[in-house]
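Me: I would like to learn how to read sheets, helix packing and a few local features. Can we work through one example together?

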Amino acid sequence: MALFTVGLVGTGIALFWVTYMGSLSIAEYEVARSAKSKATLARLVFNQHLDQLEGRIRTVASDPALQNALAEKDAAAAKAILEQASQSMTSAVLDLLLIDLPDESGWVKSSLGLIDLTDQLPFNVRQAMPPDIWITYANHHTDPMEVTAALSILVIDPETGQLLGRVFGGTSVTSSFSLPGVLAKNLQVDDISFAHDHHIVAGIGELMSETLHHRATTGSENVQYLLENDQLFVIAPLIADLDGHMLSAIIKQPIDTLKNVKATYSQLFLPFLVYTVLLALCAALLVNRITSAGLGRLMRYAMNLRQDRLVSAPQAGLISEFNKLSAMFQTAFETVRNRDAQFKDMIDGSLHGVLVHSNRRVLYVNDALLKMLGYEPGTSEQLVGTPLLTFYAPEEHDRLRSYLKMRGKGGAPRVYDVKGQHRDGHTVWFEQHVRLTEWRGENALYVTITDISERKRQEELATKNANFDILTGLPNRRLLLDRLRQSLQRNRHDGVLTALMILDIDRFKMVNETYGPKAGDQVIESVAARLTQTMGPDQTVARMGGDEFAIILSDPEDRWEIERIAREILTDISDPIELEDGTRVVLSGSLGITLAPNDGDDDEVLLLQADTSMHQAKAESGTSYRFFATRMNEQTARAGLVEASLRRAIENGELHLNYQPIVDYASNKVVGCEALARWTDDKLGVVPPTEFIQVAEECGLIVPLGEWVLREACTFYQSCNRNGMKLESISVNISPRQCRDEDFLTELRDILHDTAMDPTHLCLEITESVMFDDQRTNPVEILTAISSLGIRISLDDFGTGYSSLSYLKRLPIDTLKVDRAFVMDLDQDQDDQALVQAIVSMARSLGINVICEGAETLEQCDLIRSFGCSLIQGYHFARPMAGVDFHGYLVNMNGTDQVSAEAG
């Protein structure tokens, strides 16, 4: 009832306000209309005044007597005519009247004595005035400003048509007394003024002493009005001057229309409000008397339906709308009851578990959840009413209690994973979606549950696969880095030491090639087991991939303990490993070590440093360990600089070839040469081939570099033959990286074709220690394919590698090059002599040529010759030399073939 009363009173007040605002709008419209009428009348009176003045001026200008006086230049007669015209005017007075001759300004003046023509209408202004048009002129240089309205009439000789003179007449707006009076009288106002360029220049009444309002714009061509303190100010534009400034009339007139409207409505508001409130109360009481009984019956009926009570619809009352509403309630509640029954059937048959609980007690469970927990479907009474936490594993109880407390504050998660408790005691993983609901009139939580045990098992398996090596079960690189970061954090907090070791198994490729991949896997598993046993459960042993392992040694006492453990690891690795077929293999390892925080505390940098140390140990001797040193980083930086410069040098053709002769010692003739790449950089200077060839191998530049060397060597060989120089063959070193390139054989064919090189005169040298240690290269397949092109193959540095001698029988090898390590002390070392003699004898029996390289003395050459080997390469004959120098050396040793030279 109160709301109804307030609504009626509010509606009445709103209507009163609308009426009040409408009346104000009408009053304001009338004020605007009155202002426009005043402005129109002001312009009309002003124009009429000017028309009267214009008529008098034209009468003077057309007077024949004045024309005769001008023709005869009788100034006295002309002045008499002008004075007579001024005296005859009554209402419209000419404040100024003068005549200008074509050759004399101000010839005759009949202006009022108070008028100064110099200020009111100067000569230059009169010259600029167009004839027959009223203009206003404002002199801004006088104080106060002088404003004049003037008209120019030409006097023409009727017989000759010549200009006799110009008659100027007008009125001073500033000093005139007749013009404001005429306007005030016709407009029936007491206060009127003239404004020019925002300045009041003339007028009568109070307006002469008032300043213009800041919103008044007297220069506008439109009518304006302002209403302030029951005074209406009308600004009427009259005429524009030569500069475009507007002369306006400002009219002040008292007006009380808006004041009367406001006063009337103020007096009416209080009685209106009282009557409105009384009427609203009466109407509310009447409506309440009519509707209260029917509304009460309807509310009692709705409450019974809400509590699931079976009641009949209330009896029909006097108000038909209530009767319809009662029938709609009954239909709606029946529909909801039927839908609830259908929804319950759907929930019971759902594949997802459903749980409803309130106050930590179970209110409802469906059959799907019963099956998840190990109960028979249809036995929900076993769980309804039991404590909620009995559904869940004990370790989840504290978390769930905190969620229940947070739920009321809106801070608990709506979706989360939780461990459930199966009836037989094992854990079941649930994914729960929780939302608020209402159950039998009470607030409750509705939980949808999905069994995700299989997904969790798969995630656990995926996590294990992502973090552990499948073959050994050891942590992989990813988990190693995570544990290394944790160890480094402990270092920073506790100030302890951490050692990171990288272990690589030496000659592991031999096991794979000799006994097969399965044996290789068994070796990896055995090494992993030994490392785990040696390091114990408190240290991390990880497999990085292939035959490489990493070890995190946490909190060692000192460097001596680290060295002791490193030696122990290498000793364990070197113990024989028995394969499935009973074969025992003996391997060794190379170990790189870096320390944190001594060498840094960045995990990736430490890993790189340990790897660098491992490669240093492998390069020096193998079966050893090396600690990281700063110089290794310097070597890495140097390698990066060499790589960038070498890449540029290959692109710009800055490398060149030197050639070292291979001599048949028996005949003292050059039978071949070896092409050797050399490089001098502008910044790095002379870069040793041992350095830039290794860098090229590591970064892949060896492929374009090797192709360039091959093409240059073939071209050089052809140039020797074209110039009559006898040379049987030329040798070029190739790397396993080139052999692995799928386009290598195609490039070989293209080079042979482009240079017209006979493949039987080209010898490719492959290093034994590199070719046979590269697990990614199959030497039999590659060398056979090269030999099929007709190219000869030489095995370089023979005797320094670990390849099986069976390769000499299986591979298409044409030449063995005995390494210089066996030749440099040949004349002093009996063992070297025995080895060289054995190699030469073995090669001869296999039909393979032998070249001994590194001979520097005559005695060494004689010994080699005595062993049955006559092909020698070394400083005793010549060092590697440029192509031009080699040409001279070749001619000196072998002479020239004049027929070939002339043909070339």
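Reply: We will take the sheets, then the helices, then some local details. Keep in mind that this is a predicted model.

Me: Start with the sheet that holds β16. What is the order of its strands, and how do they pair?

Reply: Strands of a sheet pair through backbone hydrogen bonds, either parallel or antiparallel. Here the order is β17-β18-β16-β21-β22, an open sheet of 5 strands with mixed pairing.

Me: Which strands stand at the edges?

Reply: β17 (540-545) and β22 (625-627) do. Each has a single partner strand, so one side of each lacks a neighbour in the sheet. From one strand to the next, the twist averages 20 degrees.

Me: How many bridges join β16 to β21, and in which sense do the two run?

Reply: There are 9 bridges between β16 (residues 498-506) and β21 (residues 588-596), and the strands run antiparallel.

Me: Which strands does helix α14 touch?

Reply: Helix α14 (residues 517-535) packs on the sheet and touches β16, β17 and β18 (548-554). Its direction makes about 5 degrees with that of β18. Helix α16 lies across β16, β17, β18, β21 and β22. Relative to β21, α16 runs at about 145 degrees.

Me: Now a helix pair. At what angle do α12 and α16 pack?

Reply: Read the angle and the axis separation together. Helix α12 (residues 477-494) meets helix α16 (residues 603-620) at about 115 degrees, and the axes are 10 Å apart. That makes the two helices roughly perpendicular. Their crossing is right-handed.

Me: Which residues make the contact?

Reply: From α12 come Arg477, Leu480, Leu481, Leu484, Arg485 and Leu488. From α16 come Asp603, Glu604, Leu606 and Leu607. By class, the contact residues are 6 nonpolar, no polar and 4 charged.

Me: There is another sheet, the one with β1. What is its strand order?

Reply: Its order is β2-β1-β5-β4-β3, an open sheet of 5 strands with antiparallel pairing. At the edges are β2 (104-109) and β3 (135-139), each pairing on one side only. The twist averages 35 degrees from one strand to the next.

Me: How many bridges join β1 to β5?

Reply: 5 bridges link β1 (residues 96-101) with β5 (residues 163-172), and the two run antiparallel. Leu98 stands opposite Phe168 in β5.

Me: Which strands do α2 and α3 lie across?

Reply: Take each helix in turn. Helix α2 (residues 64-72) lies across β1, β2, β4 (146-156) and β5, and runs at about 120 degrees to β5. Helix α3 (residues 75-87) lies across β1 and β2, at about 55 degrees to β2.

Me: On to charges. How many salt bridges does the structure hold?

Reply: It holds 28. One to inspect joins the side chains of Glu395 and Lys419, at 3.7 Å from N to O. This pair links distant parts of the chain, 24 residues apart. Glu395 sits in the loop between α9 (367-372) and α10 (397-407), and Lys419 in strand β13 (residues 415-421).

Me: Last, the backbone. Is the peptide bond from Ala596 to Pro597 cis or trans?

Reply: That bond is cis, with omega near 10 degrees. Pro597 lies in the loop between β21 and α16.

Me: And what is the phi of Gln188?

Reply: Phi is positive, about 60 degrees, although Gln188 is not a glycine. Gln188 is in the loop between α6 (178-187) and β6 (191-196).

Conventions
Residues are numbered from 1 along each chain as its sequence is written. This is a predicted model: local features need pLDDT of at least 70, side-chain atom pairs count only at pLDDT 80 or more; totals for chains, interfaces and linings use all residues. Side-chain values use heavy atoms; hydrogens and water are left out. Axes are lines fitted to C-alpha atoms, for helices over the stretch in contact, and angles run from 0 to 180 degrees between N-to-C directions. Helices (H or I, at least four residues) and strands (E, at least two) are DSSP runs, numbered from the N terminus. Angles under 35 degrees count as roughly parallel, over 145 as roughly antiparallel, 65 to 115 as roughly perpendicular and the rest as oblique. A crossing is left-handed if the near helix is turned anticlockwise from the far one by less than a right angle, and right-handed if clockwise. Contact means heavy atoms within 4.5 Å. Ala, Val, Leu, Ile, Met, Phe, Trp, Tyr, Cys and Pro count as nonpolar, Asp, Glu, Lys and Arg as charged, and the others, Gly among them, as polar. Two strands pair if DSSP finds at least two bridges between them. A salt bridge is a side-chain nitrogen of Lys or Arg within 4 Å of a carboxyl oxygen of Asp or Glu.
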